[in-house]
Amino acid sequence: MSAYRILASALVCLCSAVALVSQPASAATPGLTLDYARTLEQSSMVFVPYEGQNRGPVYYTQYTQVPTGTSSVGTLRRIIVNLRPSAHIQELYIPFVNQHGIIDVSASPLPAHGECQPTQGIKDLLSFMPANYQPTILTAGYPVACSLSLYFPVEYEAAVRDYIGTRPVIVLDATVPLCEPTSPRLSVNAINEALRTAGVLQVSQTGVWTGNYWDLLYESVRLTQTRPQLFVTQDPREGWQVYMQLFQLDAVAETATMSSADAQQSIYMCIPKPLHIRFGQEVMP
Amino acid sequence: MRNSKLSTCAVLALLTGAVNPAVAAPMHPAAVAPPGSYSAQVLNDFALLADSDNPNLVYFVPKLGNLAVQSPQSPAPIPRFQINSYYPPSGVLQGMELTSLGGTLSPTADLAALQRLQTEAARQGLQIAPAPVKSARTTFNLFAQQSLTGRVDTQCEVEEFIITFPNGNQVTQRVPKCRVRDLDGNFVDSNVVYKFTSVPAPANSTANQNVTFQAMLLPDWTQSLKDTMLFGDNFDASLSATTEWLISANTLTRQARLTINWQSLFEQASAYTAFHLNSCVEIEISAFFERIATCQGGTTPCGIFIEYRQADGTWTDRAPSDANFNAIVEALKDSLQEELFTKIQAVNGPVSTQPTAIFTLRANYEKIVTTRNEVMSIAYNQGPAPFNANTALNIDCVTGGFGYPVMYDMNNPACRARVGQ
């Protein structure tokens, strides 16, 4: 890690921060952040709570296709195939949430993180149906990830049921971006204290940190070299960038200010651990 | 005697108490932030607004609502929801299984979220109240296909078509084809709704009004809804509603400081009226004040220099926003028009039928001979600004139906938490 790269990125960061300051200060929308350290994984269920709460999304790694009963629409018949989490069908979900007191926020991985398609096999089977009655993916909610609508003439009911019973009719491919539970946390306060010792930052009674930004820039970059462990990431530049973004810069007074709320943060430096959710992948011959 | 004095006091107190809420109104969040600080979860669940008069009052608009639940503290709360099969005895849909469902959606059904807001507000010495709303519009979304408001009636007829099987055999199919009028009044195909009615949230009320609906759905969806009720899934994919609340929010009355060089200002006014043959109409007078409000360069060329008071107590010559700028032009006109111009209006009999008046320059020697700059303060207000907040209403935490009673799902901790248990 060469020092000039850090300085170059420092300048980029500084310029963007100054640009931010010149805009009218808008109330930041506090988002709910996930607490990866408390991730729970149990029989194909993955629960990640929000910081300081027992609420959060539950994701599933295994799904099962479950057809509904047959509806009669005139002389046509209709079945909807739901892609339901296996944990719900095996009745593992309710014991799991009750055991850990989980408040499930009912977050579906779709459509944000992936998509569903009918398989080529089921499309071929019902290819003779008119356009309005072709196999169609329906929007689904939670816990059903997606649904497939199938219309067919009464003569085909047995064939369609057989097909659903033996082969997948839906292809699901989703990737939820999650982080390793062991992702290190950047302690903002530890860096602030180190810089206070260096005489760069001062803290007010209300916990607001201020200092001259040229001094802050120089000393914080020096800190990435002398005590890189404070910035927790492999490349200390990443942690440093996240840390510097917490300052509000005043270009006229040449001061940098960090709010007390930001100073108390300990920020996840995410080691990506995406959750792959797959169903019905057809084997390519 | 003493009693009557007491009761007079009580009546007075009651009167003042009754008068205040009529004046008090929510403040636009861009003008005044709601008092207190709240957890991320509360800010995620509610839109909060400050009150114009009472610094200890917070108005809320729930962002999420659910089915209304009665007896929430009992071991078996009663959801206001019912779902059943229905077989039409005649007509195009005769003998097919339709679904009839109905219920009441409540914006404050998440009692745990409301309790969290109440606790956090009470800890800071604040009271909470549902925000007063000017109007409300509820839109229903069925199977992501139709946005429905009010009432829907579908027209159905039988459509016939021939299917050719892969082996060459042909069969005739007879399928009900239904059409429904969309929001623009055009007929569109529908395979979802047969009948739909709803009672929307009333206007001029508060943001915690219930919304009641009844629907009958076409046979295509019956089995799917049976599955939903069997597994206790949420209805997000089938039926959800959104209520859009319109809140008339107050904005702050702001202060501006004018530094006026009367001689220079009269020069400007004189040149302007001369150009309009010494008889300006009202709109030209407005244009004059807009011109001097935008004039850059201080008191000597412009005649006037405007400074706006910022929230932090400092003064700036830049208007905070467009709406504020329009308000300041009006305020300028109100305070300076009398000094600069004379209004001439023809009066026909007791009531003037003349819609317009003409303005000419006023010979205001008292001001023209002033050699010093005069400093004046004016107050301006951009008027109430609309603030929109949405409540998404969803159906979940119910099982049963189709011949069985609909039960609230007390097995699921998320559902239990919602009724505060």
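Modeller: One definition first: two strands count as paired if DSSP finds at least two bridges between them. And keep in mind that this is a predicted model.

Colleague: Fine. Which residue in strand 24 of chain B stands opposite B:Cys280?

Modeller: Strand 20 of chain B pairs with strand 24 (residues 358-361) in the antiparallel sense, over two bridges. Looking across to strand 24 from B:Cys280, you land on B:Phe359.

Colleague: And in what order do the three strands of that open sheet in chain B run?

Modeller: Start from the edges: strand 20 (280-281) and strand 23 (341-344) of chain B each have a single partner strand, so one side of each has no neighbour in the sheet. The pairing is antiparallel, and the order is 20-24-23.

Colleague: Moving on to helix 8 of chain B, at which residue does it bend?

Modeller: Helix 8 covers residues 322-340 of chain B, 19 residues in total. Its end-to-end C-alpha reach is 26 Å, close to the 27 Å expected. There is still a bend of about 35°, and you'll find it at B:Asp334.

Colleague: Which strands and helices of chain B do the buried residues of helix 8 pack against?

Modeller: The buried set is B:Ala327, B:Ile328, B:Val329, B:Ala331, B:Leu332, B:Leu336 and B:Leu340. As background, an α-helix has 3.6 residues a turn, so residues three or four places apart point the same way. The packing partners of the buried residues of helix 8 in chain B are strand 19 (254-260), helix 5 (262-275), helix 6 (282-294), strand 21 (304-309), strand 23 and strand 25 (374-380).

Colleague: Is B:Leu126 buried or exposed?

Modeller: B:Leu126 sits in the loop between helix 3 (111-123) and strand 8 (127-130) of chain B. Leaving out residues up to four places away in sequence, B:Leu126 touches B:Pro35, B:Gly36, B:Asn56, B:Val58 and B:Ala121. The cut-off is 20 or more other C-beta atoms within 10 Å. B:Leu126 has 20 C-beta neighbours inside 10 Å, so it counts as buried.

Colleague: What is the phi of B:Phe402, roughly?

Modeller: Strand 27 (residues 398-401) and strand 28 (residues 404-408) of chain B pair in the antiparallel sense over three bridges. One of the bridge pairs joins B:Thr399 to B:Met407. The two strands make a hairpin with two residues between them, and B:Phe402 in the turn has a positive phi of about 50°.

Colleague: Zooming out, how far apart are the C-alpha centres of domain 1 and domain 2 of chain B?

Modeller: The domain assignment gives chain B a domain 1 built from 21-152 + 193-250 + 387-418, and a domain 2 spanning 254-383. Between their C-alpha centres, the separation is 51 Å.

Colleague: And which element of chain B gives the most to the side that touches chain A?

Modeller: At this interface, 36 residues of chain B are in contact with 37 residues of chain A. Elements of chain B supplying at least two residues each are helix 2 (40-45), strand 12 (151-164), strand 13 (170-181), helix 4 (222-231) and helix 10 (413-418). With six residues, the one giving the most is helix 4.

Terms used
Residues are numbered from 1 along each chain as its sequence is written. Chains are lettered from A and ligands numbered from 1 in the order in which they are written. This is a predicted model: local features need pLDDT of at least 70, side-chain atom pairs count only at pLDDT 80 or more; totals for chains, interfaces and linings use all residues. Two residues are in contact if their C-beta atoms, placed from the backbone, lie within 7 Å. Helices (H or I, at least four residues) and strands (E, at least two) are DSSP runs, numbered from the N terminus. Domain bounds come from an automatic or database domain assignment. A residue is buried if 20 or more other C-beta atoms lie within 10 Å of its own, exposed if 12 or fewer, and partly exposed in between; C-beta atoms are placed from the backbone. The expected span of a helix is 1.5 Å times one less than its number of residues. The bend at a residue is the angle between axes fitted to the seven residues ending there and the seven starting there.
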